Each structure stands twice: as C-alpha cells, then as structure tokens.
Amino acid sequence: MKNKPLESLTMDRRDFLKTSAVVAGSVALGPSIALAEQKKPKEIIVRAWGGSWGEALKTGVADGFTQATGIKVRLDFTEDNEIKPKIWAAVDQGRIPPIHVNWDTTTNATISALRGVTVDLSDLSNLKGLLPLAKPVGMEGYPLVNTYAYVYVCAYRPEAFPDGPPQSWNVLLDPKFKGRVALYDDGIGFNPIAVIAGGGSLKDIPGNMEPGYAFYKKLKANKPLLGEDADFTTWFQKGEIDLACTISVNARAAKQSGIDVAWTVPKEGCKVDTDGLWVPKGLPANEEYWAKEFVNFALTKEAQKKWCSLLGLPPVYPGIEPPADLAGDVSYPTKPEDFAKLVRVPSKVLVENQPKWFAKFNEIFQG
Amino acid sequence: MASNSSSKLPRRWHLFDIAERNAAALWPKTMHRYSGYLLLVPAILLVFVLVLGLVYIGGYSLHELDLATYRLKETFSLTNYSAALTSTTYQSVVLRSIGASILVTFFTLLLAFPYAYLMVRARQAATKKFLLISLFLPFFIGQIVRAYGWLIILGQEGLINTLFAGLGLPAMDLIYNYPAVILGLVQYMLPFAVLLLAPAITAIGRDVELASESLGANWMRTFLHVVLPMAKPGLVGSSVVVFTLTLTDFAMPEILGGGTTDFIANAIYDGFFQLSNSGLGSALAMILVTLGTAFVVILFFLAGTGTLGFNGREQ
Amino acid sequence: MIGSRSKGVVLWTIVWFDLLLLSLPTLIIIGASFTSGDIVQFPPEGFSLKWYSKLWLLDDFKSAFLRTLYVSIICTLVSIPAGTLAAIGLARYRIRFHTTIQVYLLLPFTIPLVASGLGMMIFFGEIRILGQLWPVGLALCIINLPFMIWAVSAAVNGLDDQLENAAANCGAPPLQAFFTVTLPGVMPGVITGALLMFILAFNEFLVSLFLTDARTVTLPVSIYNSIRSVITPDLAAVSVVYIVIAFIAVLLLDKLVGLELFLKSK
C-alpha cells in the first residue's frame, strides 16, 4: 500500500486554515444545519452495481439504514461510467445531482474528487479507527472513503484444469480455450497484468504498455467474451467459459449457486483495488446530511461485517473475521504478505492512465 | 332543452365576436398576408430547440478534453475531428453502420414491397384490415420491447435453441452478433417502409397493370418494368427513412449486438458517457449528422422528396 | 388480384414471412409473461398470473408508468396546436421560402436522434431545466413533430379549399371560418396525428435515456436498464402492458379515422 503515514498524521497550514473555516462556517450556520438535520428526505438514491453486488448492498447496508432512520433507500443501477458525466454536468450547472450517494471504484471516485464534485466526508464519526486502506491516497481529507479491497482473480472451472489451477495468465492464449475465456469489456483489472504476462514488468507501467497490448493482440485470436460483473456469474453458471479474469465476488456468486468454480493467483500476480462511497456536491442541505449519514452507516462495524461478508471481501473496519469459506483465501487479502503476491497500481497512475488503457483495449478488440 | 340551445348559440356567436374583435386588434387586416407565417411560429420555435442543441454540440466538438481536469480546454482545436477520423476503431464503426444501413434498406424493401402491394390491392376488406392491424401493432410497440422479444427468441436458452435441442441439434450463438442486429433492425423498419410505400402503390392504377399484362407481359416483367418504376416516390421515401434510421440507430446494436457491433450512435454515447469525453463524442455526432444529411440531400437531389414531403402537390 | 397464380404464391409467401417476423416478438413476450417459473424459458414452466400481480406491487414500475403517461400527454398537448397550425399554414397560405421551411420542419427527422438527444441534454442543462419531467415531454414533441404535421397536411390537402373560400365569401370572419370550417375539416388528421404522437412518446427510448435520471426515469428507459442486468419474467409482464396499449391505440385509430386512410395516395 502506498499510504504515507506522515500525510495522515500531520496537518499542514492549508489544512488548518480550511478546517478552521469550516468550523467557523458551521458555527455561523449552526441553527440552520440543526434544522436541516431533522428534515428527512422521503428517500435516498444510491448508485450501485446490479446482481449479487446490489443484493449485498441492500441487505448489508440499505435495509439497516432504513430501519434505523426510516428513510427509504432506492438503488439506481446506472452504470458507473455513465453517472459520472451526469453528476459533473449537474454540479457545473448548479442543478441538483441525480443521486445522493455513489458506490464507485476508487479510481473513478478519485477522478470525480479531482474534478471537485465530491463533498468532504472528514467529519463522519465512524472514520476513526478504520484501516489505513479507507483513506484515499494523495488527497486532502476524505473526498471519498474506501470501503473494502478486492482482487481481480483468475477464476476457472476445475473440471477444465485436471492438472491443478492455472500457473500463468498465459493459459488465456491456449487455443484449447478458444471462445471460452472472459475479461471485463474495458479490460479493467487486467490491463497492468497483461503487461507482466506479455513479458514486461511492473516498472513498465505506465511508461511502456506495449507488452500488454501485444498480449491483447494474441488474446484477440482466442476470441474472449467481454462483459460486466453479472455476466461472469451467468457465464460460469451456463458453462460457457472455463477461465476468466474477474472480481472474486462474481466467481463466488456462481460457486454459491452450486457450480464448481475455483480461483487462484497466477505467478504474474492479480490486481488488487478498492471501491468506495462518495456524496456529490449540490444536494439540498438536509439531503446531503442524510446522504453522509448513509455513508457513515456503511462504515459501522455491523454494516461492514454484513455487507462485506456477503460480497466476500475484506472490509476497512478492523478485526472482522472473514466468512468461513474465505479464511486464508487469495481473494481475501488482510496481511501485508497477502498483498505482496498482488499487484497494486498507485492511484495517481490509474487516474491518469486508466482511461487511455480502456480506449486502447477497445481499439484492439473492437477494431 | 330548446331554450337552452337557443340561448347557447347566440352566446357562442357573441363569444366569437369578442374573439374576432380582439384578434382583429392584435392582428389587423393589413397583417393578414402574414397570417401563414404566424401559424408556423410555434412549430418553428420548437424545432429551433434542436438547432440550438446542434450549435452546442458543434461548440463542444471544437474543444479537446484536458485529462488533468476532465474539462474541455478553452482553446479551439480540430483535435477531436482528427482523432475521430484517423482512429481505426471509429473507421470500422462508421463502415459497419453504413454497411448495415445498406443491408437493412435492401432486405426491408424486399420484404415490405409485397406487403404494401398485397395490402393495397387486397379485394377483401377483411384481408386488408388484417394486414393493416398486423402492421400497426408492432409499429406502435417500441424498439426496446421488440428487442427484448428477440432476446427471448434468440438467446442461449431461447425459443430457437430450445427447438434445436428438441431436434437433437447443438445450441447456436444466435445473439450478440451482427446478423442479430440486422434482423432486429429489419423487423423494426418493416412497418415504416410499408406505410411509405402504400400511398405510392395506391397511386398506380390497376388499369395500368392490366394494360401491361394484356399486352403480353408476364407479372414479373410488369412488376419490374411498370409497378416498381411507378412506385418510385414510395421507394425513395422508404429508402431514405430506413437508411437514415438504421445509420443512426442505438438500441438494436446496444441490446442485440453485445458490445462488439457498435454503430456510430453507440460510439457517440460511449464517447460522452464511458470516456467522459464530450468533445470527442460531439465530434462523432457532427460527423454522423453530416453523413446522414449528405445521404438525404444526395438522394433527394437525384430522386425528389418522394412520399416524404408535407405537400402532396410536389410529386 | 391481377396476374397469375405464381404471382400470388410468391407474394403471399413473402407476406406470410413478414407476418411471422412482425408478430413473433410480440407473441413470445405474451407467452413468457404468463410463466409460473422464475426465469424466462421454453416451454414456459406452467401458467400463472404471478408476474402481473407482482407488477402492481412494484412502486418503481407504477411511478415510471405514471411518468411515461405524463410526458406522453405533454407531448401530445403541445404538438396538437403546433403541428395543426403549421400544416394549415404550409398548405393554405402563400409562404415565401416554402421549400426551405419544409426542409427546416423536417429537421427532427434528418438530425439523428442521438444528436438531438445530446443537444437537448446540453441545452436543457444550460438553462437549468434538465432533471425535471416536463422538458422530457417537450423534447418528445419536438423530435416527433413532423408526424403531426404530416397527418394534418394529408387532411388539409384532402379538404376542398372552395369550402373555406365559400365561408369567407359569405362574410365569415377569419377566426370563425377557421374554427367552424377548416378545423372540423382537418379533424381526422388531427386525431391521427395526436394518436401517433402519444404512442410514439409512450415508446420513445433514446432521447429519454439522455434526459431522465433516477428521479425521472420513464418506462422504456427502465426496461432498458433491466435488460442490461438480469432478464426476469416481470419484464415480460411490463412489455405486455405496452402491447395492450399499442393494441388499444390501433383499434382507436381504426375506429376514429380508419386504418385504410394510410393507404390513400397523396
């Protein structure tokens, strides 16, 4: 992890001035904020991913929040990339943004934070005591908060691999699996890995991605299926693929429906990343307050435990035991040595380069 | 009752008088030669919203995205256009869309012409009605619902693959490919084409066909050399509509194409929403507008407006 | 039928294929909606109405349905005066630049929908009305306006203009002549156009996709969003709602003006 401990401990002058301004502001606005706190909106709209992801958020967080506050939670399944420009335009034009809380990849959330459309979450009471992973890297305060880590594992059907789990990602190129391998439709989670599998090294990223693109050109001949989270689960369930680079959640969902699916970390490693929650600017004061309360609720021990165990991912709340089926699993990194086997690309590199990688991926596979 | 209606009528006249006086005050007789223009004002204003929208898109297309801030740069440049025109991805997307438009126009007209012909010429009112209703029902059901129907028919566990399995045949990938998109589009366009062909076929008198056949031409020759040429306004109108609607379609490639058979509209959408690059998306949109307009203008120039004009007298 | 037997065979073969093509998706959706199973499959797993009863319990469906109704009504109400007046203006008055105006009024058809949708999204955003529901109705009216003008134009062209001249010669003032002679004369066109506008707005998807969000989502957009994740039979039940509405509209159109109207040569 690239988290610099110093950064989070010391408060520089600018931070201090900002904080005191916020304090002064809230003193001045005291009564109106207190009034706003009481006015509950009818509902809160949370953008989410569908399938088992949405189910986990609903059962793990949303239902509990509704029970505690009486505020209904509506999940909006607009795609993460699509909601981004819609929120940006709304904030730029001073309109009310289309959602209250965005459940987002840390990279996309960071891009939105850099764009200045996120509300600072530093004052959430439940931030205290979370793992360092929760703090967004390279930014002041908490324009977003990370909620768990996850691994883009190499998921496979053991039946198709009688000699044991695949040792290298190069197995994707094996003609034996032509038309039976799958990736995300923008290559997310695999773009850096492809560089290593193609003969490059971590140091090549982002300067020299060519080994990765060369790998993709060979992979194209093997006709991979390209999809989104829920697709992988369906494909495994229908026996349409033998091998995929996907977040462990999707493979586990197939496994839980009785399909024989396993996952591994090949020698080149797997990409580890985080997701987070953030609140867009421009909401009416009372709605912003309750949107932040939703995020705060998602960080409670109870919600973290329920939500993340349903997903099967390591939460940012410390000391939560992994679900029974994932203890010691490669897809559930908790200790530094677990992370050592995985590939973590610095947030800054992802923010500046991921969109270009997506475009290149498209060019190779759509062209 | 009687007194009621008798008091009502004069009141109506009275109201008309008042309205008439007000109208005359607002729009004096000297202005009457401009009345036609006045009637056009609401429609012209409504359509002007689209013109404004295009102006915005044109403006956006001239600014490059700054990847450091994810905002469009202040400076004007043609970077988006050169990026769009030189990218092999977009070139193949454009060619795919044009290819699909040609295929869909051909198949749709081939299927639509006999339908329109039999519908117009049907002797029995019931046959005519049956054909009309069968045409209008899907016409009134939107693209999304029809695409959904095709998903159920062509999917891995859909109707056709289930039938195949029943016959002992292996399951086939019928969906998420180019032919599925073409099929979905042809089905979608069929009612448009038939409805634009029908008036043109009606305009061809039965006696013309009879004359041709009585002169010894068989029905194929009559069809090819008499009916088809005379139906030209309908063929032009329906070709234009089917071609441009296909060229600019979004839903069918999106739903039935499975992400690997993007048309231009899908690329525009992805430019705006996947890449967050409204500049590039706008440049692609301007290219599409230009392509579509060029096609319509060329065809109208070569063949007239056909059944598309508002004014029947032009034909 | 003019011509030989072979002509009938060839033409009717194609037409039966057309009929199959046109009706298959509709029939399949109706079939799928009555399944008692939890997934869409063939043959359906028993018969039940459970997906329909489920539909009525879904608040999301009900509000999306009402929103769709709302935008369709706005679209129709705006298009009636705008389209009728424009059609009469074009057909009955001396207009300079007649062709230019015709081409201009056909812009909603010649500008690709994706461009119209994006343009209105940007423009409505700039004037701060994006995110509300009524602009969606207005937008649907704009993109389909030529249909309304077409429908009324056909009726105006079919109307004998001697009638209006007679009214004027008998001293009928302009408004009265308009409301008592012209308007009733073009009424079938207005009805046809209004029905078309309503049903097209009710089904419109792409422009609505650009102009709606989670708060204002309409039925076609919400069906599209569901198709992208998991295909369940409740979607078939929603689609049947569309089929029923289309059927009612066809019957109404036939009753009010007669479908045969569309076969008339201009």
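Biologist: A compact globule of 315 residues would have a radius of gyration near 20 Å, so what does chain B have?

Modeller: This is a predicted model: local features need pLDDT of at least 70, side-chain atom pairs count only at pLDDT 80 or more, and totals for chains, interfaces and linings use all residues. Residues are numbered from 1 along each chain as its sequence is written, while chains are lettered from A and ligands numbered from 1 in the order in which they are written. The radius is taken over C-alpha atoms, and the globule rule is 2.2 Å times the number of residues to the power 0.38. For chain B the radius of gyration is 26 Å.

Biologist: What does the C-alpha trace of chain B span along its principal axes?

Modeller: Chain B has 14 helices and two strands. Helices (H or I, at least four residues) and strands (E, at least two) are DSSP runs, numbered from the N terminus. The C-alpha trace spans about 80 × 70 × 45 Å.

Biologist: Which helix of chain B gives the most to the side that touches chain C?

Modeller: Here 86 residues of chain B are in contact with 87 residues of chain C. The chain B side has 58 nonpolar, 19 polar and nine charged residues. Ala, Val, Leu, Ile, Met, Phe, Trp, Tyr, Cys and Pro count as nonpolar, Asp, Glu, Lys and Arg as charged, and the others, Gly among them, as polar. The top giver, with 16 residues, is helix H2 (residues 35-61) of chain B.

Biologist: Why does Val181(B) count as buried?

Modeller: Val181(B) is found in helix H8 (residues 178-202) of chain B. Beyond four places in sequence, its contacts include Ala100(B), Met252(B) and Thr261(B). A residue is buried with 20 or more other C-beta atoms within 10 Å of its own, exposed with 12 or fewer, and partly exposed in between; C-beta atoms are placed from the backbone. Val181(B) counts as buried because its C-beta neighbours inside 10 Å number 29.

Biologist: How many residues of strand E9 (residues 272-278) of chain A are buried?

Modeller: Val272(A), Thr274(A), Gly276(A) and Trp278(A) point one way, and Asp273(A), Asp275(A) and Leu277(A) the other. Both sets are buried. E9(A) is largely enclosed by the rest of the structure, because the buried count is seven of the seven.

Biologist: Which residue of E9(A) is the bridge partner of Tyr148(A)?

Modeller: Strands pair if DSSP finds at least two bridges between them. Thr105(A) stands opposite Asp275(A). The partner of Tyr148(A) is Asp275(A).

Note on methods
Two residues are in contact if their C-beta atoms, placed from the backbone, lie within 7 Å.
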